[in-house]
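Dear colleague,

Please find below the structure I am handing over to you. My notes on it follow directly after.

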Amino acid sequence: MANLPKTEAGHELAIHVRGVSKTFGQGEAAIHALKDVDFDARKGEMLMIVGPSGCGKTTLLSVIAGTLTFEKGEIDVFDAALQGMKQRAITEFRKRNVGFIFQQFNLIPTINLLENVSVPLLINGWTRRRAEEKAAATLAVVGLAGREKDLPTMMSGGQQQRVAIARALVHDPRLVICDEPTSALDKDTGGHIMELLREVARHPDRCVVVVTHDSRVFKYSDRMAEMEDGRVERIHESFDQYANKQGL
Amino acid sequence: MLLGDRSKYLMLVGGLTFAALLMTQQCGVFIGLLSWTTSHMRNMRASIWVVDPKVEQINEIKAMRDTDVNRVRSVSAVAYAVPLYAGILQARVADGSFKPVQIIGLDATTLVGRPPRILAGRLEDLRLPNTVMIDELAVTRLSLDPKRPLRIGDSFEINDREARVIGICRTDRHFFGYPYVYTTYEQALQFAPPTRKMLSMVLAEPAAGFTAEQAARQIEGETHLKAYTEAEFSASTLRWFFRNTGIPASFGTTILLGFIVGVAIAGQTFYSFVLENLRHLGALKAMGASNALLGRMLLLQAFTVGLIGYGLGVGLTVLFGMVVMRTGQPPFLLPYQLPLATLVVILLICSLAALLGIRKIYKLEPAVVFRG
Ligand SMILES: Nc1ncnc2c1ncn2[C@@H]1O[C@H](COP(=O)(O)OP(=O)(O)O)[C@@H](O)[C@H]1O
Ligand SMILES: [Mg+2]
C-alpha cells in the first residue's frame, strides 16, 4: 500500500504522478506525448485537465487509468502503484477501482439500460440478479428511474451520458475518468452532466478527473491542471484563478 | 450480449444452417448410395463368397465352372459350399412389356443365399417347378394395375418361361435398382440363356474350428479361386467404388463446399461483427474485462449461433430423410455418427470464426477507447 503524502494544506491525495514520460513510436517519428509530468489530484475533488488539442491530455488520462503503459516515472492511484505492474494486475486494478466515461458514451446499443449499467458488476463477478438490482438503484441516482428496459438508441445524448455515468459509478470506483464528456452535448446538457459529475466527486474517498477542451464547462471544476506540449504547466486552485490568469 | 445485430445474426445462423444441411444431407445420401453397392451381401447372406480370381466387387459377375463347387467343397476348412446364380434377365409383364430383374438362383437343397425377410409364402415352395419368390419392388414393377398388385399364385414370364410367384420378400434396394427374383439354381439355369459357364459364385461356411478368414485363405490356396469373407467383400466393393467411380469425389467436393461455405460465412460475418464492435469491446476491456472473459463471451456467442444453425440444418436433413424414406427414391442413410460428426465440424467452424475475433481482441489496446 503506497501511503500518499498529504499536501501542505492537509488535503489527502488520490493521485500522485511524478516524472512520467510516454513516447509513441521510435526514432525520427517518435512523439513525446508526455514529458516528465508531475501532478496531484485530491480526494473528494473534480480535477479538470485542460489544454489545446494534441497536448497530451488523453494520454495522461490513459496512464492514470491504467489503460496505457508508460516508460518512465511513478504513478500512485489511491493505494496502487502503477509503475511496473503486471498486465493482469493492471486489468484487475481497472476492474475494481476505475469508472470510465467516454466522449461517445460507448453504451452497447443492443442491450437495455439496466444491462448496460450492470456490465462493470458482471465483469467484477457479481450475479446477474444482484448486478441488476444495484444497476437499477444507480440509474435512479442519475434520474433515469423507470427507463431500465429502454435501449440506449432511444435516448438523447444527455440521457445516454447519464447512463454512462451510472455505468461508471455502479461498482463504486474510487477513480472516475472522463474524456471529453461534454463535447458531444449542447451547452445546457453539458452543464447538467458536469453538475452531476461534481456531485459524484463529493465523496471522501473518490476522485473525478475530467479531460476537456470544452471551455464552456471549465467553471464546474474544483481545480484545473493546464497542459501544454506534454507537460502540466500550471495548477489553478479554482476556476476563478484560471479565469483571472487568462484575463477573462 | 453483443449479438443484437439482427441481419448478422440471421446471416450467421443461415450460413451455419446451410453448411450443416449440406454436409449432413450429402453425407447421408453418399452413405446411402454406398450401402446400395453392397446390398447383394445383405440380400444373400453367407460367411464366405468364392468368386473368379479377377472379381473385386460383388456386383461384378464372372462365371465359373460348375465343377468349382466341388473343388471348394473338398477344402477341409469348409463345412459346406453351394452354387449360386446371379444375373440380370428380362421379365415379361402381362401387357407384353419387358422389365429387367435380378435373378438369384439358390441351391435347392439348402436354399443358402435366402432373402433376409419373407413377407408371404414359404421359401421351400421354390423346390416346385417354375416358381419364384419376388421382392416388393418386383411387385410394383411387374404388376399391371397398382390396385391389383401381383400376388402369390400369379405368374409372369422370364425368357419365355413361366415364373409362378410363391412368395413375397423384402430386400435392401440395390445400386442398379433392379428388383430381386429368387429361384432355385436349377430353375435359374432354365430361365437364363445357356452359356458355357453358368455358375456365378459359390457360397460357403467354415467348418467347426475354423474362422471365415482361415477357411477363405485355405480355399484360395487350394483352388486358386478368390474367396472373400463378408467383411472383406464389403471392403473390397467399397474400395472398388472409390477407385473406379467419380461418386466419392463429387460428393466429397459438395461436402467440402459445405464446410468452406460454413467457414467463409461464419468466419467473415463473425469477424466483421467483432470489428464493428471493437469500440465496445475496447470499452469492456478498459473496464477491466480480461481477454479470457471476452474470449469466452465470443466463443459462447459463436457456439450459440452454431448450435442453432446445427439444429436447423440437421432438422431439415431429417425432414428430407423422412420424405425420402416415404417415397423410397434417392438413397439416404443417417447413422447416428453422422449428426455427431456434423456437430463437431460446426463447432469447429464456430471456433475458427471466433478465434479470428479473439485474436483481434487480444491485440486490442484498451486505450483505443479514448481515441476518436
Ligand atoms: N497511439 C498513438 N500513437 C501515436 N501517437 C499518438 C497516439 N496517441 C496519441 N498520440 C499523439 O500523442 C500526442 C498527444 O495526444 P493526446 O493525448 O490524444 O492529446 P489530447 O488528448 O490533448 O488531444 C498527439 O500528438 C497524438 O498525435
Ligand atoms: Mg484527447
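Between chain B and chain A, about 2000 Å² is buried, and carbon and sulfur atoms give 68% of this area; buried area is the accessible area (1.4 Å probe) that two parts lose on being put together, summed over both. This is a predicted model, in which local features need pLDDT of at least 70 and side-chain atom pairs count only at pLDDT 80 or more, while totals for chains, interfaces and linings use all residues. Residues are numbered from 1 along each chain as its sequence is written, chains are lettered from A and ligands numbered from 1 in the order in which they are written, and side-chain values use heavy atoms, with hydrogens and water left out.

On the side of chain B that touches chain A, helix α9 (residues 278–286) of chain B gives the most, with 6 residues; helices here are DSSP runs (H or I, at least four residues), as are strands (E, at least two), numbered from the N terminus. In total, 21 residues of chain B are in contact (heavy atoms within 4.5 Å) with 25 residues of chain A.

Two residues other than glycine have a positive phi. For Asp36(A) the angle is about 50°, and this residue lies in strand β2 (residues 31–42) of chain A. For Asp160(B) phi is near 65°, and the residue sits in the loop between β6 (155–158) and β7 (161–170) of chain B.

Yours sincerely
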